[in-house]
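Q: I have a model to read, residue by residue. Please show me how the terms work on it.

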Amino acid sequence: QRQLVESGGGSVKAGGSLKLSCQAAAGHITSTCQMGWYRQAPDNERENERELVAQIAPGGTSSYADSVKGRFTIAQDNAKNTLYLEMNNLKTEDTAVYYCRAFGSALCNYWGRGTQVTVSS
């Protein structure tokens, strides 16, 4: 059973918006794990080159990569076991596969399979 399933990717014009969702299969994941959105650009094929875009702690503290500050917002709904990434004012350089990840402890070690975001000029 896949523990994290992303959705919401798609193709948009520069300046547009998308909202990604990450549904967790188990109730403890979003409420007890550090959660993050990573992305992997088309020219980066190795997993260790995935870029951390945004992360949120169980208590709600969030942080962002400089490249997305002011444009992206990470949020979670523990009642729905879902993590979100709202992306506004998208740029062509935001094109990537976006992955959801749970991390921070031995019980929090999951990756989703990713959702493609393509931004055209």
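Q: Is N81 buried or exposed?
A: Buried means under 20% relative accessible area, exposed over 50%, partly exposed in between (1.4 Å probe, protein chains only). N81 has 18%, so N81 is buried. This is a predicted model: local features need pLDDT of at least 70, side-chain atom pairs count only at pLDDT 80 or more, and totals for chains, interfaces and linings use all residues. Residues are numbered from 1 along each chain as its sequence is written, and side-chain values use heavy atoms, without hydrogens and water.

Q: Where does N81 lie?
A: Strands are DSSP runs of E, at least two residues, numbered from the N terminus. N81 lies in the loop between strand 7 (72–77) and strand 8 (82–87). Its phi is positive, near 50 degrees, and N81 is not a glycine.

Q: Which loop holds N89?
A: The loop between strand 8 and strand 9. N89 also has a positive phi, about 50 degrees. At 43% relative accessible area, N89 is partly exposed.

Q: How many aromatic pairs are there?
A: Rings of Phe, Tyr and Trp (its six-membered ring) pair if their centres lie within 6.5 Å; planes under 30 degrees apart count as stacked, over 60 as edge-to-face, the rest as tilted. The count is three. Y99 and W111 have centres 6.2 Å apart and planes at 90 degrees, so they are edge-to-face. Y99 is in strand 9 and W111 in strand 10, 12 residues apart.

Q: What sits over the ring of W111?
A: A charge sits over a ring if NZ of Lys or CZ of Arg is within 6 Å of the ring centre and within 35 degrees of the ring normal. The charged end of R50 does this, 4.6 Å from the centre.

How values were computed: Helix = DSSP H or I, 4+ residues; strand = E, 2+ residues; numbered from the N terminus.
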